[in-house]
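Here is a short tour for anyone meeting this structure for the first time. Have a look at the picture, then read on.

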Amino acid sequence: MDNELFMDGLELSQVLPGPNILNLAIYCGQRVRGIPGAIAAFLGASVPPFVIVLIAGALYFKYASNPYVHGALRGCAVGALGLTVGNALELSWDERDDWVKILLLILTAVAVAYFKMPLLLTLVMFGGIGVAREYRKSRKAKASS
Amino acid sequence: MNATVTTLLHILWTFSQLSVLGFGGGKGIIPQMHRDAVVTYQWITNDQFAQFYTIGKLVPGPTTVFAALIGYAAMPGRPWLGALAATVGMFVPSSVIMVVIDVFWTRFQASPWRAIVSHGLAPAIVGLVWASVWTISRGTASGLVAYAVTLAVTVLMLRTKLSAPLLIAASGAVGIIALR
């Protein structure tokens, strides 16, 4: 596999649903060995995290009621919340060049958090508006070139 | 149909839907996952959801692997089966889509649709990430210490190169002292 093929797979992994790492692993497996390669890559990328999270889960259910573990978990959760806020800020910053995108972003957040809009409807509606705008933009770019 | 099979099917169906809708690496599915697992089926509590999400962030690999923990908790009689069903539901459908689309991908290679879809969906995904912040915060500690730690982690994440697991571990240390 060359660099170009890899970057192409990375892009595809990001466009399609599912974790990027898992999608990229599957892409590589498929390019190298076809469907069996894709299956092997799927197992290789998903089984180890699954086993690790299960061990963590078994410990969680055994010790979560211990006051020290409970405190640690509450602390960790607050930290994870901070990471998510940071992630949201970073991603929002990427959209700053276009006020309509910022508006879409805010409307989506309010619709989901406050009005409990289901995920499918959210993607169809707000995702749809975004995709339609990008489509129009690309048509205009093509017409003017 | 007995209760075990019913729960198993609910788990598979719930996570399969999330899997197919997991655009943007699955960042946007957290609010819906919370609604399914905490509100609709009441498999876990708000606090557990926040803590499972945290474990997902802490372990190597995709964050959404914490679906396994929800499945684990949903089937107290057969936790391993529940965990497996949730993980299969979470990862298999999106992976099948990946394999199928990849076969046709070379044909789309020159197509502008790739950029149109990923750029077009981005604002909605980012909005969903903000909604996730709200969702997670329903199950995290409140009070001055908690807010200070959240703010500190946010700033450190954006301004330094400290790793995510390190920041979470440090928050845990503060928690042992101040959030028991």
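Which domains does the domain assignment give for chain B? There are two entries: domain 1 covers residues 3-140, and domain 2 covers residues 141-180. Keep in mind as you look around that this is a predicted model.

Let's stay with those domains for a moment. Taken over C-alpha atoms, the centres of domain 1 and domain 2 of chain B sit 25 Å apart. Where they touch, domain 1 of chain B puts in four residues and domain 2 of chain B puts in five. On the domain 1 side of that contact you'll find one nonpolar residue, two polar ones and one charged one.

**Chain B as a whole**

What is chain B built from? It has eight helices and zero strands, so reading from the N terminus gives α-α-α-α-α-α-α-α. Its C-alpha trace spans about 55 × 50 × 25 Å along the principal axes. Of the 180 residues in chain B, 56% are buried. If you take the contacts in chain B between residues at least 6 apart in sequence, 60% of them join residues at least 24 apart.

Is Gly143(B) buried or exposed? It counts as exposed, because it has 10 C-beta neighbours inside 10 Å, and the cut-off for exposed is 12 or fewer. Gly143(B) and Met33(B) are 110 residues apart in sequence, and their C-alpha atoms are 26 Å apart in space.

**Where the two chains meet**

Chain A brings 76 residues into contact with 85 residues of chain B. On the chain A side, at least two residues come from each of helix H1 (3-15), helix H2 (20-63), helix H3 (67-94), helix H4 (99-113) and helix H5 (119-144). The biggest giver is H3(A), with 25 residues. Sorted by type, the chain A side has 47 nonpolar, 21 polar and eight charged residues.

**Two helix pairs**

Two packed helices are described by the angle between their axes and the distance between the axes. Here are two pairs, one inside chain A and one across the chains.

| Helix pair | Axis distance | Crossing angle |
|---|---|---|
| H1(A) and H2(A) | within 8 Å | roughly 135° |
| H3(A) and H7(B) | 7 Å | about 45° |

Start with the pair across the chains. With its angle of about 45°, H3(A) is oblique to H7(B), and their crossing is right-handed. H3(A) contributes residues including Gly75(A), Val78(A), Gly79(A), Gly82(A) and Gly86(A), while H7(B), which covers residues 144-159, contributes residues including Ala146(B), Val149(B), Ala152(B), Val153(B) and Met157(B). By type, the residues of this contact divide into 12 nonpolar, six polar and one charged.

Now for the pair within chain A. The axes of H1(A) and H2(A) cross at roughly 135°, and these helices are therefore oblique to each other. Their crossing is right-handed. From H1(A), the residues Leu5(A), Gly9(A), Leu10(A), Leu12(A), Ser13(A) and Gln14(A) take part, and they meet Asn20(A), Asn23(A), Leu24(A), Tyr27(A), Cys28(A) and Arg31(A) of H2(A). That contact holds six nonpolar residues, five polar ones and one charged one.

Terms used: Residues are numbered from 1 along each chain as its sequence is written. Chains are lettered from A and ligands numbered from 1 in the order in which they are written. This is a predicted model: local features need pLDDT of at least 70, side-chain atom pairs count only at pLDDT 80 or more; totals for chains, interfaces and linings use all residues. Helices (H or I, at least four residues) and strands (E, at least two) are DSSP runs, numbered from the N terminus. A residue is buried if 20 or more other C-beta atoms lie within 10 Å of its own, exposed if 12 or fewer, and partly exposed in between; C-beta atoms are placed from the backbone. Two residues are in contact if their C-beta atoms, placed from the backbone, lie within 7 Å. Ala, Val, Leu, Ile, Met, Phe, Trp, Tyr, Cys and Pro count as nonpolar, Asp, Glu, Lys and Arg as charged, and the others, Gly among them, as polar. Axes are lines fitted to C-alpha atoms, for helices over the stretch in contact, and angles run from 0 to 180 degrees between N-to-C directions. Angles under 35 degrees count as roughly parallel, over 145 as roughly antiparallel, 65 to 115 as roughly perpendicular and the rest as oblique. A crossing is left-handed if the near helix is turned anticlockwise from the far one by less than a right angle, and right-handed if clockwise. Domain bounds come from an automatic or database domain assignment.
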